Amino acid sequence: MRILVIEDERKVASFIKRGLEEERYLVDTAADGELGLSMATAGGYDAIVLDVMLPKMDGFEVLSRLRTAGHATPVLMLTARGTTEDRVQGLDLGADDYLAKPFHFEELAARLRSILRRTTTEKTTKLSCGPLTLDLVSHFAYRDDQEIELTTKEYALLEYLMRNKERVLSRSLIMQHVWKHNFDPESNIIDVYIKRLRQKIEHPDRPQLVQSIRGVGYRMREPDADSALSNGVDDPNNGDVR
Ligand code: CA
């Protein structure tokens, strides 16, 4: 899950970013309203944490322009304590929830989870693929109920693959969604991470969950999916890094 934090107070922004990263979110920050709006409209975020008082363009203006442009990305607004008008204005403009400053990080995380749950089309808190389960709330992965330890990037990669189960994902799509960079054909970073992920999630004697699609990228498959649908593209060397 990718979160955009639009907040000009550096201490608050880095406090939120650190906390959310510990919860396995991928976090970008913007320190003014204009930059925040352009990042938000570029898309790709699952939720936005938006401060009201911002330089260049205030949070209400950012929210209003975002909604006017047709973006439905859930927004959690940060308001000053006790300003009912702020809360009402924010909600009227299409904020999904608000939180008064100062706040405890746990409350921000809980409200964010709640708006993400409300707005995710799947309305699910768990993803699964064969023996593999990913808990989107606790951020734990399990294979046959055995917990698997994942780094933040491994988690983000696995989540992206599982959300797009049965779909062939090109390396450049994976790069954009998980690394937020443009794909560099010289780099084998995706293959390296896929290999690490496979070492953690695959079982040597069981059908492979992450398939290599030669010349394209990868696909996550249900192990019992009809093998006739695959175009004989299993990678025999199991994704060795060159
Ligand atoms: Ca501020």
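Buried, in this talk, means under 20% relative accessible area, exposed means over 50%, and partly exposed lies in between, with a 1.4 Å probe and protein chains only. Helices (H or I, at least four residues) and strands (E, at least two) are DSSP runs, numbered from the N terminus. The model is predicted, so local features need pLDDT of at least 70 and side-chain atom pairs count only at pLDDT 80 or more, while totals for chains, interfaces and linings use all residues. Residues are numbered from 1 along each chain as its sequence is written, and side-chain values use heavy atoms, with hydrogens and water left out.

I start with strand 4, residues 75-80. Five of its six residues are buried. Which strands does strand 4 pair with? Two strands pair if DSSP finds at least two bridges between them. Strand 3 runs parallel to strand 4, and four bridges join them; Val-49 has Leu-76 of strand 4 as its bridge partner. To get from strand 3 to strand 4, the chain passes through helix 3 (residues 59-68), and this β-α-β crossover is right-handed. Right-handed means that, with the strands pointing away from the viewer, the path from the first strand over the helix to the second runs clockwise. Strand 5 (residues 97-101) also pairs with strand 4 in the parallel sense, over five bridges, and here Leu-78 is partnered with Leu-99.

Next, the calcium ion. What are its protein donors? They are Asp-8 (OD), Asp-51 (OD) and Met-53 (O), at 2.1 to 2.3 Å. Donors are N, O and S atoms within 2.8 Å of the metal, or 3.2 Å for Na, K and Ca; water is not among the atoms, so sites may look incomplete. Along the chain the spacing of the donors is D-x42-D-x1-M. Asp-8 sits in the loop between strand 1 (2-6) and helix 1 (10-22), and Asp-51 in strand 3 (residues 47-51), so the pair ties together parts that are 43 residues apart in sequence. Is each aspartate buried or partly exposed? Asp-8 is partly exposed at 30% relative accessibility, whereas Asp-51 is buried at 3%.

Now helix 7, residues 171-179. Its buried residues include Ile-174, Met-175 and Val-178. Seen down the helix axis, the buried residues of helix 7 fall within an arc of 100°, so they line one face. The arc is taken from the directions from the helix axis to the C-beta atoms. As background, an α-helix has 3.6 residues a turn, so residues three or four places apart point the same way. The buried residues of helix 7 pack against several elements, among them helix 6 (152-163), strand 10 (169-170) and helix 8 (189-201); contact means heavy atoms within 4.5 Å.

Last, some backbone details. Most residues other than glycine have a negative phi, and most peptide bonds are trans. Lys-56, in the loop between strand 3 and helix 3, has a positive phi of about 70°, and is exposed at 63% relative accessible area. Glu-166, in the loop between helix 6 and strand 10, has a positive phi of about 75° and is partly exposed at 34%. The peptide bond between Lys-101 and Pro-102 is cis, with omega about -5°. Pro-102 belongs to the loop between strand 5 and helix 5 (105-119).
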